[in-house]
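The sequence and the model come next, followed by notes on selected parts.

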Amino acid sequence: MITLFDYELSSDCYQARLALAVLGLHYSRVDVEFYPGREHETEWFTELSPLQQLPVLRDEHTTLYDAQAILVYLAARHDATGTWLPRRDPVLVGEVTQWLGLSRALASSAGAARLHESLGHVTDVTAARARAHTLLRTLDEHLWFGEQEGRSWLCAADHPTIADLAVFPDVALSEEGGVSRIDYPAVRRWTDRVKRIDGFVPRSGLFPGGSAAAPWPR
Amino acid sequence: MPTPPCTDPVVLNLWHPLSAVAETAAGQDHTTTLLEEQIGYAWSPDAGARAWRTGATQHQLPTLVRYGYIWTSLGTPPKDLFSIPEYDEPDRRNMNASTIGVHVSAPRAIENFLDMAHFPFVHTDVLGSEPHTEVVEYDVDVSAERDEVLATRCRMFQPKASASSSAGAEVEYVYRVPHPYCSILYKTSGDDPGRKDVIAVFLQPVDQEHVRAHLLLSVLDDAHEDKEIRNFQQSIFGQDKPILENQFPKRLPLDPRSETPIRADKSAVAYRRWLSGKGITYGVIPAGR
């Protein structure tokens, strides 16, 4: 039985919920109130997650407290198709890992700007936004050239990977941190494609995709 | 003293919320922004609340502690705040669901709070669902004596009206707007259909286009933990947030010709007229400009 220690409004938690959903896994949720309860700082939670990070995933005897580690584990353990983390292809494994790194960089820039705006977290919001724009520009160029080559996803495969799930949340929520996506049309087209992945779940603040095109896979 | 950034006397003389007492570490100084000014505040169980303009600590601002929040004013406020009698009922659970910064003017946020027509589309399968999208006729009254907007007989089919609901039900709402930037709603309680849960939004105007939204819950619920009740409301508010932040213009236009209301907007029409009558200029686009 899989248990996710989860906070609805956290984008890292949302990455884990997305992965569980697209993999079609059943799990139970334990609410950990990040705000205002600061439950992630309690003794019982620190025992699970020494860095007081959300989410935490427990599966049988495994406990993991890092969003990207959770995605890697879920795909490696529970994806019979082997597509979400294509372990047999060294190039794809490298690409996936590179984009997981970008998702962390987004969390500390676009995500930090969002926490500054909504919960008043102290951060240099001008620097955080500038960094987020650098990342979005890189992402937009990569996706635009990919589209020219007939590639729809972050990695050079004809299907999405956990990289798409990891990068999506902080991109899709960036406007709440004052980071507009108006200048990144290829990014906007890609977020629409992610919303049409079979099994996609929205979260508070994000709405489901339109039915303009068939869900993926077609 | 330099001229304050906000020169609207109506707004300067109001009480404004600064923070939930439960989220204010006792005995320490805190700062926040109110009407574009840096305000320091502190609270302790013995000394109560204090507030001051940063850099003018010797000059105390008036304070109140009501409904679990610290309130202050930058002008000459009325003696007391509007009344919420239900708050003192002994079996109610009172708590701050969240204080969240939103890039919107206070009056736009009040209008969203009053609006039922968006429930099926924004709070799908929670506060509304298709095909139950009609906002049936309701009553709006502006009480001259209490100086507040009152909307009654508001009804909506809700799949999941609160943390304590197990099935869909038609829920009746009453809305009060007793303060230009504060509103209170009463909705049929899931636990006790003869009584109503109270949810209030108190908007702290950071500037004309930013607020901190303080969300008070005063509910009848014996079954759920505080965090479950808050989580439900935080998710709802998270759905409203991008809608609020994408409204344009961000300040609320008061000219009746500037936006086109429909019948379901009756309470918003009354609210705008009420604001115009007060001569309010902060956070709005006054008529005729």
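## A buried helix in chain B

In this predicted model, 9 of the 9 residues of α2(B) are buried, so this helix is largely enclosed by the rest of the structure. Buried here means a relative accessible area under 20%. The buried residues of α2(B) are Ala106(B), Pro107(B), Arg108(B), Ala109(B), Ile110(B), Glu111(B), Asn112(B), Phe113(B) and Leu114(B).

## Packing of α2(B) with α5(B)

Two packed helices are described by the angle between their axes and the distance between the axes. Helix α2 of chain B, residues 106–114, packs with helix α5 of chain B, residues 266–278, at an angle of about 150°. Their axes are 9 Å apart. Angles over 145 degrees count as roughly antiparallel, and α2(B) and α5(B) are therefore roughly antiparallel to each other.

The crossing in which α2(B) passes α5(B) is right-handed. On the α2(B) side, Pro107(B), Arg108(B), Ile110(B), Glu111(B) and Leu114(B) make the contact. On the α5(B) side, the contact is made by Ser267(B), Ala268(B), Tyr271(B), Arg272(B) and Leu275(B). By type, the residues of this contact between α2(B) and α5(B) are 6 nonpolar, 1 polar and 3 charged. Pro107(B), Arg108(B), Ile110(B), Glu111(B) and Leu114(B) are also among the buried residues of α2(B).

## Chain B as a whole

Chain B contains 5 helices and 16 strands. Its radius of gyration is 19 Å, close to the 19 Å that the globule rule gives for 289 residues, so chain B is as compact as a globular protein of that length. The C-alpha trace of chain B spans about 60 × 50 × 35 Å along its principal axes.

Of the 289 residues in chain B, 55% count as buried. Among contacts in chain B between residues at least 6 apart in sequence, 60% join residues at least 24 apart.

## Backbone details in chain B

Which residues does a cis peptide bond join in chain B? Such a bond joins Phe248(B) and Pro249(B), with omega about -5°. Pro249(B) is located in the loop between α4 (226–245) and β15 (252–253) of chain B.

Asp147(B) and Arg153(B) are described here for their phi angles. For Asp147(B), phi is near 50°, a positive value in a residue other than glycine. Asp147(B) lies in the loop between β9 (139–143) and β10 (148–158) of chain B, and with a relative accessible area of 36% it is partly exposed. For Arg153(B), phi is near 60°, again a positive value in a residue other than glycine. Arg153(B) belongs to strand β10 of chain B and counts as partly exposed at 36% relative accessibility.

## Packing of α1(A) with α6(A)

In chain A, the axes of helix α1 (residues 11–22) and helix α6 (residues 162–172) come within 9 Å and cross at roughly 135°.

In a right-handed crossing, α1(A) passes α6(A). From α1(A), the contact involves Ser11(A), Tyr14(A), Gln15(A), Leu18(A), Ala19(A) and Val22(A). From α6(A), it involves Leu165(A), Ala166(A), Phe168(A), Pro169(A) and Asp170(A). The residues of the contact of α1(A) with α6(A) comprise 8 nonpolar, 2 polar and 1 charged.

## Selected residues of chain A

Leu54(A) and Pro55(A) are joined by a cis peptide bond, with omega about -5°. The loop between α2 (43–48) and β3 (56–59) of chain A holds Pro55(A).

Arg188(A) sits in helix α7 (residues 185–195) of chain A. Is Arg188(A) buried or partly exposed? At a relative accessible area of 36%, Arg188(A) is partly exposed. Leaving aside residues up to four places away in sequence, Arg188(A) touches Arg181(A), Ile182(A) and Asp183(A). Val93(A) is 95 residues from Arg188(A) along the chain, and their C-alpha atoms are separated by 25 Å.

Phe145(A) is part of helix α5 (residues 125–148) of chain A. With 48% relative accessibility, Phe145(A) counts as partly exposed.

Technical notes:
Residues are numbered from 1 along each chain as its sequence is written. Chains are lettered from A and ligands numbered from 1 in the order in which they are written. This is a predicted model: local features need pLDDT of at least 70, side-chain atom pairs count only at pLDDT 80 or more; totals for chains, interfaces and linings use all residues. Side-chain values use heavy atoms; hydrogens and water are left out. Axes are lines fitted to C-alpha atoms, for helices over the stretch in contact, and angles run from 0 to 180 degrees between N-to-C directions. Helices (H or I, at least four residues) and strands (E, at least two) are DSSP runs, numbered from the N terminus. A crossing is left-handed if the near helix is turned anticlockwise from the far one by less than a right angle, and right-handed if clockwise. Contact means heavy atoms within 4.5 Å. Ala, Val, Leu, Ile, Met, Phe, Trp, Tyr, Cys and Pro count as nonpolar, Asp, Glu, Lys and Arg as charged, and the others, Gly among them, as polar. The radius of gyration is taken over C-alpha atoms; the globule rule is 2.2 Å times the number of residues to the power 0.38. Buried means under 20% relative accessible area, exposed over 50%, partly exposed in between (1.4 Å probe, protein chains only). Angles under 35 degrees count as roughly parallel, over 145 as roughly antiparallel, 65 to 115 as roughly perpendicular and the rest as oblique.
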